[in-house]
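Here is a short briefing on one protein model. Read it with the structure open beside you.

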Amino acid sequence: MTRIDDEQRLNRKEAEFWDRQEEAIQQLYDRPHDWRFIPALANRIVRGRENYTRRLIAKHRGEIGRVLDIGCGSGWCVHACAEIGIVGVGVDVSGKKIETAQRQAVERGLADKCTFAVADIMELDIEAYGGKVDLLFATSSLHHLPGLGQKLPLLVERLLRPGGYMLFCEPHFEGMAPGLQKFIWGLANGRLTRNLFDHEFFAEVTRESQSAAEEGDADYNLRSESPAGLEFFGEEPVMAEILRKLPGCKLLEERYYHAFAGHLTNAFYVFMKSKVVRGLFRCSFPLLVFADDFMCRFRWVNRHAQEGVWFLRYDGKG
Ligand SMILES: C[S@@+](CC[C@H](N)C(=O)[O-])C[C@H]1O[C@@H](n2cnc3c(N)ncnc32)[C@H](O)[C@@H]1O
């Protein structure tokens, strides 16, 4: 089997995973397995990161007329850009995600400023969508492109006009700080504290979907990583390294977010059985998020951040 066949197979599995996830999305919110699926807490955790990305776009608004969102999912970024007059194209391999994105654009009266396409971003013919854009955007989707180090320079050259910008918000992983991990693990297994935690749910959530993904059409664990995401992390790339070395591009700004707020929310809220502990956690939550955002400015903390934001300019051919 050739590399192209392998890639096509992976793309089909990837699209199927996200189609199924979109169909089951309400179930994932009904029984959240991760802080991202608890809107009341997630909105607070991501607020700092969101405000930062809004500020970056506002600062360069005069140069940005069109945006392309890579792996747009249900299209929230394209919708948000349309609200401030930026015309957007959203691309995703999942037909179900694109259906949702289109439906929401219509419901919000934004359909004339948003176009959505079901496609593998590597195959997108940008000329059919108005030509090269001024801003290339991605949140949590670049890490679904295995071989990103080779693919991204090609995408930039093909999709972005020289002088255009890139705004990427992606997982950035050395993982949870070892001290924090040890502490949480110790509590979850401690003689006095182990009954407070929902160990069964934790095991269910963390069950690797690798074997299911390898078998093809089997029962994916929709609470786990997607097939392409698993492959990407298997390569152990460091996102910051790829982005800092992008040919013909200048890194203008980078920032890191969520070193411990997300992990602690999972431990003391998502997998916590005790209502008292959950209540106490919620009371201390605003302070925790403030401390997390503040601490992520320090290098020794941001090494462990869950997310990074990178803002780059494309100066021409690499
Ligand atoms: C974690 S989701 C992020 C969705 C969205 N950006 C967001 O912030 O909610 C990753 C998305 O990337 C899409 N994706 C994965 N590989 C892709 C590819 N080769 N081309 C286009 N989209 C892709 C998936 O279908 C999925 O919707």
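This is a predicted model: local features need pLDDT of at least 70, side-chain atom pairs count only at pLDDT 80 or more; totals for chains, interfaces and linings use all residues.

The structure holds 0 disulfides.

**Cysteines**

- C81 takes part in no disulfide. Its nearest cysteine sulfur belongs to C77 and lies 4.1 Å away. A disulfide needs the two sulfur atoms within 2.5 Å.
- C81 has a relative accessibility of 3%, so C81 is classed as buried, the cut-off being under 20%.
- C296 is in no disulfide either. For C296, the nearest cysteine sulfur is that of C169, at 12 Å.
- C296 also counts as buried, because its relative accessibility is 4%.

**Overall build**

- The protein has 14 helices and 7 strands.
- Its radius of gyration is 20 Å, close to the 20 Å that the globule rule gives for 318 residues, so the protein is as compact as a globular protein of that length.
- Along the principal axes, the C-alpha atoms fill a box of roughly 60 × 45 × 40 Å.
- Take the contacts between residues at least 6 apart in sequence: 78% of them join residues at least 24 apart.

**Surface and charge**

- Of the 318 residues, 50% are buried.
- The protein exposes about 15,900 Å². Carbon and sulfur atoms supply 53% of that area.
- There are 42 positive and 45 negative charges.

- Q8 sits in helix α1, which spans residues 3–23.
- At 42% relative accessibility, Q8 is partly exposed.
- Q8 and D120 are 112 residues apart along the chain. Their C-alpha atoms are separated by 9.4 Å.

**Positive phi in two loops**

- S140 is a residue other than glycine with a positive phi, near 55°. S140 lies in the loop between β4 (133–139) and α6 (148–159).
- With 33% relative accessibility, S140 counts as partly exposed.
- H258, a residue other than glycine, has a positive phi near 65°. The loop holding H258 runs between β6 (249–257) and α12 (261–270).
- Is H258 buried or exposed? H258 is buried, because its relative accessibility is 0%.

Conventions:
Residues are numbered from 1 along each chain as its sequence is written. Side-chain values use heavy atoms; hydrogens and water are left out. Helices (H or I, at least four residues) and strands (E, at least two) are DSSP runs, numbered from the N terminus. The radius of gyration is taken over C-alpha atoms; the globule rule is 2.2 Å times the number of residues to the power 0.38. Buried means under 20% relative accessible area, exposed over 50%, partly exposed in between (1.4 Å probe, protein chains only). Contact means heavy atoms within 4.5 Å. Accessible areas come from the Shrake-Rupley method with a 1.4 Å probe; for residues, only the protein chains shown count as cover. Lys and Arg count as positive and Asp and Glu as negative; His and the chain ends are not counted. The place of a charge is taken as NZ of Lys, CZ of Arg, CG of Asp or CD of Glu.
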